[in-house]
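Please look over the sequence and the structure shown here before reading on. The report that follows moves through several parts of the chain in turn.

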Amino acid sequence: MNKFLLFCKKVGNKFLDIVFPTNTKCIFCEDEIVDFEKKPYCERCEKTAFNTGTKCVKCDTQIKSGNIICDHCKSHKRFFEKCYCPLNYEDSVRQSILRFKDSNARYLAKSYAKLICDYIKNENLKFDLITFVPSHKKTVRRRGYNPSELIAEEISQLLNLPCVETLIKIKQTPEQKSLSYQERAKNLQESFLATNTKLIKNKTLLLVDDVVTTCATVDQCSKILKSYAANIYVAAAARNHLKKQIK
Ligand SMILES: [Zn+2]
Ligand SMILES: [Zn+2]
């Protein structure tokens with residue numbers, strides 16, 4: 001095929017993808033699936049992807065059956081009302097989130113938003129607006145987008161509520177993974193600044209993140225927003241569970 005025909009084919013396929021999207025792959029493991037519209041994940045992933053069982057009433061991490069609250073929430077004051085995470089940050093979900101965050105798989109925001117909305121729909125929650133955990137502008141420039149903001153925008157469309165920027169990240173925080181909760185919290189202090197504060201006065205917000213681990217980030221964000229807003233609920237696509245508490 002000559003170069004011009006190849007170009008026409010590429011443009012044509014792109015056009016067809018936009019008009020008739022033909023996404024037929026599992027959003028987690030990328031295996032081919034039968035009915036993407038009905039269920040965008042395969043049966044194998046369905047068995048392990050979802051955050052089920054006994055969970056902490058505050059932060060949604062899995063805990064031993066018979067317990068109500070995790071050790072962490074018992075010993076730390078939380079500034080948010082409750083955190084909701086439909087997926088386990090493990091295996092193919094983890095791979096999916098990494099594609100979303102680091103490999104430009106922005107289309108996944110729509111599926112994550114739908115899973116979050118399905119997960120909270122029976123909770124009878126009423127939000128005034130949707131907001132998101134900010135990224136530092138240097139990180140946004142490098143990545144091209146803020147993953148949490150993409151999910152928040154999709155949720156705002158699904159729930160027909162405004163999506164508002166309420167926080168700005170003014171300090172880049174170093175790698176958090178190897179730090180204790182106290183060290184993470186200390187790192188995060190003075191990292192965020194509230195914006196659009198008049199808009200959030202006495203409002204109930206849904207604060208969106210991509211993955212939640214210790215809750216240090218969402219808690220610090222909630223602490224700042226709580227100076228203005230009435231209530232903060234948190235939603236993230238996936239929960240990185242605090243393993244010690246399950247075993
Ligand atoms: Zn799968
Ligand atoms: Zn907890």
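Predicted model: local features only at pLDDT ≥ 70, side-chain atom pairs only at ≥ 80, totals over all residues.

Gln157 belongs to helix 7, which covers residues 147-159. Although Gln157 and Ala113 are 44 residues apart in sequence, their C-alpha atoms are 9.4 Å apart in space.

## The chain as a whole

The protein chain holds 10 helices and 7 strands. Of its 247 residues, 35% are buried. When contacts in the chain with a separation of 6 or more are considered, 72% of them are made by residues 24 or more positions apart.

## Helix 5 against helix 7

Two packed helices are described by the angle between their axes and the distance between the axes. For helix 5 (residues 108-120) and helix 7, the axes come within 8 Å and cross at roughly 55°. These two helices are therefore oblique to each other, and their crossing is right-handed.

On the side of helix 5, the residues that take part in the contact are Ala109, Lys110, Tyr112, Ala113, Lys114, Ile116 and Cys117, and they meet Leu150, Ile151, Glu154, Ile155, Leu158 and Leu159 in helix 7. Sorted by class, this contact has 10 nonpolar residues, no polar residues and 3 charged residues.

## Helix 8 against helix 10

Helix 8 (residues 181-188) packs with helix 10 (residues 216-225) at an angle of about 45°, and their axes are 9 Å apart. That angle makes helix 8 oblique to helix 10, and the crossing of helix 8 and helix 10 is right-handed. The contact brings Tyr181, Arg184, Ala185 and Leu188 of helix 8 to Ala216, Thr217 and Gln220 of helix 10. By class, the contact of helix 8 with helix 10 has 4 nonpolar, 2 polar and 1 charged residues.

How many of the 10 residues of helix 10 are buried? The number is 8, so helix 10 is largely enclosed by the rest of the structure. The buried residues of helix 10 are Ala216, Thr217, Val218, Asp219, Gln220, Cys221, Ser222 and Leu225, and among them Ala216, Thr217 and Gln220 are the residues that meet helix 8.

## Strand 6 and the strands beside it

Strand 6 (residues 204-212) is largely enclosed by the rest of the structure, because 8 of its 9 residues are buried. Strand 6 pairs with strand 3 (residues 129-132) in the parallel sense over 4 bridges, and it pairs with strand 7 (residues 231-239), again in the parallel sense, over 8 bridges. Particular bridge partners can be named: Leu129 has Leu205 of strand 6 as its partner, Thr131 has Leu207 of strand 6, and Val208 stands opposite Ala235 in strand 7.

In a regular strand the side chains alternate between the two faces of the sheet.

Thr195 is found in the loop between strand 5 (192-194) and helix 9 (197-200). With 13 other C-beta atoms within 10 Å, Thr195 is partly exposed. Leaving aside its neighbours within four places in sequence, Thr195 is in contact with Glu165, Thr166, Leu167 and Ile168. Thr195 and Thr166 are 29 residues apart along the chain, and their C-alpha atoms are separated by 4.8 Å.

Most residues other than glycine have a negative phi. Asn160, however, has a positive phi of about 55° although it is not a glycine, and Glu190 likewise has a positive phi, of about 70°, without being a glycine. Asn160 sits in the loop between helix 7 and strand 4 (167-169), while the place of Glu190 is in the loop between helix 8 and strand 5. Are these two residues buried or exposed? Asn160 is exposed, with 6 other C-beta atoms within 10 Å, and Glu190, which has 10 C-beta neighbours inside 10 Å, also counts as exposed.

Note on methods:
Residues numbered from 1 in each chain as written. Chains lettered and ligands numbered in written order. Axes fitted to C-alpha atoms, helices over the stretch in contact; angles between N-to-C directions. Parallel < 35°, antiparallel > 145°, perpendicular 65-115°, else oblique. Left-handed = near helix turned anticlockwise from the far one by under 90°. Contact = placed C-beta atoms within 7 Å. Nonpolar A, V, L, I, M, F, W, Y, C, P; charged D, E, K, R; others polar. Buried ≥ 20, exposed ≤ 12 C-beta atoms within 10 Å, placed from the backbone. Pairing = 2+ DSSP bridges.
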